[in-house]
Amino acid sequence: MFMGTYYNSIDDKNRMIIPSKHRDQLGGRCVLTKGLDKCLYIYTLEDWAKQVEKITALPESNPEIRKFIRHFAANAVECELDKQGRICLPAELRSYAAITKEMVTVGAIRRIEIWAEEAFKSAGTMDTNEFASALEEYSF
């Protein structure tokens, strides 16, 4: 399970350090892809396979599903952590998430989210009362 918030930055070679608390869970390899909120997602190989399984069950006859598949898979890259626990962020993914230097790494239970620091700050906080009401629908 991934949790916690870490502030870090990319280096001159466009590498980011995976927080040490997350490295063991990744097992030295991960999948990096576009997220849904102009952030990036990092999955373990196992959780990536689970996501792919869910996606392949969706009806590809729906044009919105095909767009989602392209969004999610077209720029996905399998990464290997180097000896310092770093991965390289490809230009297309950095551009999508507007990451130039400072960023925030957020544990999101089954994945890690990577945000440009300014985007993370402007994403705002949720109204917990509204959210609690919405969760009632899911018996949470």
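The protein averages a pLDDT of 92, and 97% of the residues score at least 70; pLDDT is the predictor's confidence in each residue, from 0 to 100. This is a predicted model, in which local features need pLDDT of at least 70 and side-chain atom pairs count only at pLDDT 80 or more, while totals for chains, interfaces and linings use all residues. Residues are numbered from 1 along each chain as its sequence is written, and side-chain values use heavy atoms, with hydrogens and water left out. Among the elements of the protein, strand 4 has the highest mean pLDDT (98) and helix 6 (residues 128-135) the lowest (74). Helices (H or I, at least four residues) and strands (E, at least two) are DSSP runs, numbered from the N terminus. Where pLDDT is low, the predicted coordinates should not be read in detail.

Five of the five residues in strand 8 (residues 112-116) are buried, where buried means under 20% relative accessible area, exposed over 50%, and partly exposed in between (1.4 Å probe, protein chains only). In a regular strand the side chains alternate between the two faces of the sheet. Here both faces of strand 8 are covered, with I112, I114 and A116 buried on one side and E113 and W115 buried on the other. Two strands pair if DSSP finds at least two bridges between them. Strand 8 runs antiparallel to strand 4 (residues 40-43), joined by three bridges, and I42 has I112 as its bridge partner. Strand 7 (residues 102-107) also pairs with strand 8 in the antiparallel sense, over five bridges, with V106 partnered by E113. Strands 7 and 8 form a hairpin with four residues between them, and I109 in the turn has a positive phi of about 65 degrees.

The interior comes next. A nonpolar core is a set of buried Ala, Val, Leu, Ile, Met, Phe, Trp, Tyr and Cys residues joined through side-chain atoms within 4.5 Å. The largest such core has 21 residues, of which L40, I42, I87, L89 and I99 touch the most other members. Strand 3 (29-34), strand 4, helix 4 and strand 8 are the elements that give two or more residues to this core. Apart from it lies another core, of 10 residues, among them C39, F72, V104 and V106. Contact means heavy atoms within 4.5 Å; leaving aside residues up to four places away in sequence, I99 touches I10, L40, L89, R94, I114, W115 and A116.

Now to the charged residues. A salt bridge is a side-chain nitrogen of Lys or Arg within 4 Å of a carboxyl oxygen of Asp or Glu, and the structure holds 12 of them. One joins R86 and D11 (4.0 Å, N to O). R86 lies in strand 6 (residues 86-88) and D11 in the loop between strand 1 (5-9) and strand 2 (15-17), so the pair ties together parts that are 75 residues apart in sequence. R86 is buried at 18% relative accessible area, whereas D11 is partly exposed at 22%. R86 also forms a salt bridge with D82, with the closest N and O atoms 2.8 Å apart. D11, R15, D82 and R86 are linked in a network of salt bridges. R94, in helix 4 (residues 91-97), is buried yet has no salt bridge, and the nearest side chain of opposite charge, D11, is 8.7 Å away; Lys and Arg count as positive and Asp and Glu as negative, while His and the chain ends are not counted.
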